[in-house]
Amino acid sequence: MFSVSDTGFGMIPEVKEHIFEPFFTTKERGKGTGLGLSTVYGIVKQSGGEITVESEVGKGSVFRIYLPLVEGVMEDQKEEEQGAWGGKETVLVVVEDEENVRRLVAEVLEGQGYEVLEASGGEEALQIMEGYGGRVDLILTDVVMPGMSGRELGKRFVERWGMVKVLYMSGFFDEERVPLNVLEEGMNYIQKPFTIDALTRKVREVLDK
C-alpha cells in the first residue's frame, strides 16, 4: 500500500462520492476534464488493486492505493527490432484530454514510418479531414470523449468518407464507470496504459486485418 495526502480544503461527502467518475469535476468549465482520477482508478483496478479516499472539509484528503504482492522476478522481454511494426499508411490520432500523450503517440508512429494527423477531439478530427484531401487508413481514438465519442466519430467518418479502420483506446477498466456501452465484441481496442511495443503491434495488426 502507498498513500498520497494533502492539506487542502478537503471534500464534502457529495463530492467524494463521485470523484472517480469520468468527466466529474469541481473545476470551472475549460479548467479540467474530470478524467484524472477516473484514469487512476482504471489503472489501479487493471493491476488487481484497490483505491480508497478519506477526506473531510478542513482536513485535506488521503488516497490509499493497494496493489497485490508479486513474488519472483519478471523474465526479460526480448525487444523487437525497431520498425518491425511500421508502415506507410496514414493514421489520425484523436486524444482529447492529454496533449502530451497525443504528441507521444504521434511521434512513436511517425518513427515507425506512418504519416500521422493529430486532433484534440471529434469535431477537430472532422475539420482536419475536410481540408486534408487524402486518405486516412486508421483512426486511433479515445473511446470516451466529451461532445463526440470515439464511436460516433468512426460512424461520421464512414458516412462522409467511406469505410475506415478504427482502433479504440481507453484507460477505463470498470465497465460500470463508463457512461456508455461503447465497446462491442470484435471491435479493435487497446487498454491504457500501453507500451510502445504493444501500440505499434496493435496498429499494424488492425491495418493488416
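In the predicted model, five strands form an open sheet with parallel pairing, arranged in the order β5-β4-β6-β7-β8. Strands β5 (115–119) and β8 (189–191) lie at the edges, each pairing on one side only. From one strand to the next, the twist averages 20 degrees. Within this sheet, β6 (residues 138–142) and β7 (residues 165–170) run parallel and are joined by five bridges; T141 stands opposite Y168 of β7. Helix α6 (residues 196–208) packs on the sheet, where α6 touches β6, β7 and β8. The direction of α6 makes about 150 degrees with that of β7.

Three aromatic pairs are present in the structure. One of them, formed by F20 and Y41, is tilted, with a centre-to-centre distance of 5.5 Å and 40 degrees between the planes. This pair connects distant parts of the chain, the two residues being 21 residues apart: F20 belongs to the loop between α1 (13–16) and α2 (36–46), whereas Y41 lies in helix α2. F20 has a relative accessibility of 10% and therefore counts as buried; Y41, at 10%, likewise counts as buried.

F157 and W161 form a tilted aromatic pair, with 5.0 Å from centre to centre and 50 degrees between the planes. Both residues belong to helix α5 (residues 150–161), and because they are four residues apart there, about one helical turn separates them. F157 is buried, at 2% relative accessibility, whereas W161, at 30%, counts as partly exposed.

Methods
Residues numbered from 1 in each chain as written. Predicted model: local features only at pLDDT ≥ 70, side-chain atom pairs only at ≥ 80, totals over all residues. Heavy atoms only, no water. Pairing = 2+ DSSP bridges. Axes fitted to C-alpha atoms, helices over the stretch in contact; angles between N-to-C directions. Contact = heavy atoms within 4.5 Å. Phe/Tyr/Trp six-rings, centres within 6.5 Å; stacked < 30°, edge-to-face > 60°. Buried < 20%, exposed > 50% of the residue type's maximum accessible area, 1.4 Å probe, protein only.
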